[in-house]
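Student: I am new to this structure and would like a close look at a single part of it. Please start there and then connect it to the rest.

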Amino acid sequence: MGRAVTVATCALNQWALDFEGNLERIFRSIDIAKSKGARYRLGPELEICGYGCSDHYYESDTLLHSFQVLEKLLASPATQDIICDVGMPVLHRNVRYNCRVIFLNKKILLIRPKISLANAGNYRELRWFTPWSKARHVEEYFLPRIIQEVTGQETVPFGDAVLATKDTCLGAEICEELWAPNSPHIEMGLDGVEIFTNSSGSHHVLRKAHTRVDLVNSATAKNGGIYILANQKGCDGDRLYYDGCAMISMNGETVAQGSQFSLDDVEVLVATLDLEDVRSYRAEISSRNLAASKVNPYPRVKVNFALSCPDDLAVPTCMPVQWRHHSPEEEISLGPACWLWDYLRRSKQAGFFLPLSGGIDSSATACIVYSMCHQVCLAVKNGNADVLADARRIVNDETYIPEDPREFCKRVLTTCYMASENSSQDTCNRAKLLAEQIGSYHINLNIDAAVKAVVGIFSVVTGRTPRFSVYGGSSRESLALQNVQARIRMVLSYLFAQLTLWARGMPGGLLVLGSANVDESLCGYLTKYDCSSADINPIGGISKTDLKNFIQYCIENFQLMALRSIMSAPPTAELEPLVDGQVAQTDEADMGMTYAELSIYGKLRKIAKAGPYSMFCKLINIWKENLTPREVASKVKRFFRMYSVNRHKMTTLTPSYHAENYSPDDNRFDLRPFLYNTSWSWQFRCIDNQVN
């Protein structure tokens, strides 16, 4: 009959401009797919060059090297007798397109350009590519000579078409097109396409995975069909972590689920599905069939190849599975950990250096590194040769096998408590105990001599000695003295990161980890060029509320009991003098707002697109049980003053793992001025009018 089709999709840890490595991973995925009987293989978006090439897409080199990789794929015996669907940029009539190149047995069947480009949040595809706007239209594409020599083709179809094999019909979507209100799969399904494919470059955001899964399942629930989704995974060179989740769905139900977080560079899903299940499912949807009878047909590229075998009655088909979603705490434990591992191995450094203050934020960062060590040991135990090779190179030991997360953590993580006369013994003890429990190499040092030396230079030059406010100084003096301590910690962090291993007789340097959370960045509660200035920050896109929940998760799952006292202590910068040996300074008192309030401000400002007036209007209803309109107005004004006064700090924010949709990251996600009129006179007057 020829009704059971076997298809494969994958999640690949591609790296921008790593053409050698990207090619090798594509070949591995094809080999695995063929070994499992697949007749069609789908890969992630722009997998040949890597999704995150950014302005390198403008370069002719990127196009050239992509075609050179394509030539290797076409010419290889490994790609014979399987339809291969790969992603790369293509220049057609001097216009750059984000494309799928679909080929079989050294012949290109179709080049399908992306129709809906992602251009919000972290995505800037319209900067580099042009959407294909000619619906159901195909043109001739003249192949480069290096491709012509392999395929024997001078031109191939380029445009919005579908593939008609001997037994079924396939149509392609590319990432954003699934999320669009007029997704191509709707019209393609009405036109008889039975298998939809989607190659994605979709990144991790906390609590987002279910949205993607629901979209895929709903695509075939109303219209019937098989939906295959491939996605990039890992850190391909910037702040994003692409979280895999390759999947295959049929008639509204998931039949194959890939992992969201893993250290495997290549993950392939294969499913065998019965085309008759699609046809019978569609048969009883009368509204669908009425619409199908009037649909404008797609151009069809005929393919003399079948995804099924003639005699397939005994071939078992896949059954639906229940998708398991991670909790937000698990996502924080796994996503940033995998991102750190990619960054560490690809930067060719020997580990991390973390200023460990004994507070929640730096402790959460330490726990994420510890989680990374767990993932590495688990991957090696499961036979991942790539992870083992990377671990051996990082620790500079060709015989090493990471088996114990604490032992591996001691090799790759150096923590340092940088005490001053304003530090309490409690935070020192908490940092030391946590370091012991996770196994990090821990250093205790005192920065007072350096602080006094720097302030002393100022005093010699000016003849004035600044004082803390508790000793009669002004707020400007006090803030300057706090900032000196914070900035000296940054200078010492980089010094120790560069030379600690050298001092221990070991090769290599360390990456400095920052630990400012997304809420502190939002209101600017950090010193510019202090310990928040680092190489990378795994928690910079995570809220304080989520970090507290993550700390509780680590207590329960990693048995890190040192975290209990850290959880119960009020967050403090410990930059002002102690009172009777106890900490008098707290973060929330300094900010004049709670971390819970900050999360609300952040979501309203970014996600709800609220300026001062709109935020006030929303909050008088949200907080009406506890606050008067005048109190709400006061809080909104304070937030916007702090936010605008400190916005300049975002221009130098440490590259942070992107996990929240209200991140204030100035690099690409949250584009705003950094010199504001901080009086907000017109906006605040509108608020006052409403209060009155």
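How many bridges join strand β4 to β5, and do the two strands run parallel or antiparallel?

Tutor: This is a predicted model, in which local features need pLDDT of at least 70 and side-chain atom pairs count only at pLDDT 80 or more, while totals for chains, interfaces and linings use all residues. Residues are numbered from 1 along each chain as its sequence is written, and side-chain values use heavy atoms, with hydrogens and water left out.

Strand β4 (residues 95–104) is joined to β5 by 6 bridges, and the two run antiparallel. Helices (H or I, at least four residues) and strands (E, at least two) are DSSP runs, numbered from the N terminus; two strands pair if DSSP finds at least two bridges between them. Within this pair, F103 stands opposite I108 in β5. The two strands make a hairpin with 2 residues between them, and N105 in the turn has a positive phi of about 50 degrees. Of the 7 residues of β5 (residues 107–113), 6 are buried, where buried means under 20% relative accessible area, exposed over 50% and partly exposed in between (1.4 Å probe, protein chains only).

The UniProt annotation "domain: CN hydrolase", from an unreviewed entry, covers residues 5–275; such annotations may be inferred rather than shown by experiment, and their positions follow the numbering used here, with feature names shortened. Over residues 5–275 the chain is 25% helix and 34% strand, with the end C-alpha atoms 7 Å apart.

S66 lies in helix α2 (residues 60–75) and has a relative accessible area of 0%, so S66 is buried. Apart from neighbours within four places in sequence, S66 is in contact (heavy atoms within 4.5 Å) with F19, I48, C49, M88 and P89. G201 sits in the loop between β10 (195–200) and α7 (209–221), and G201 is also buried, because its relative accessible area is 0%. Leaving out residues up to four places away in sequence, G201 touches E45, Y51, Y123, C175, N231 and Y242.

Now the cysteines. The structure holds 0 disulfides, a disulfide being a pair of cysteine sulfur atoms within 2.5 Å. For C99, the nearest cysteine sulfur is that of C49, 11 Å away. C99 counts as buried because its relative accessibility is 1%. For C409, the nearest cysteine sulfur is that of C373, at 4.2 Å.

Helix α10 (residues 328–347) packs with α11 at an angle of about 75 degrees, their axes 8 Å apart. The two are therefore roughly perpendicular; that label covers 65 to 115 degrees, with under 35 roughly parallel, over 145 roughly antiparallel and the rest oblique. Among the residues that meet are L340 and W341 in α10, and M372 and V376 in α11.

Technical notes:
Axes are lines fitted to C-alpha atoms, for helices over the stretch in contact, and angles run from 0 to 180 degrees between N-to-C directions.
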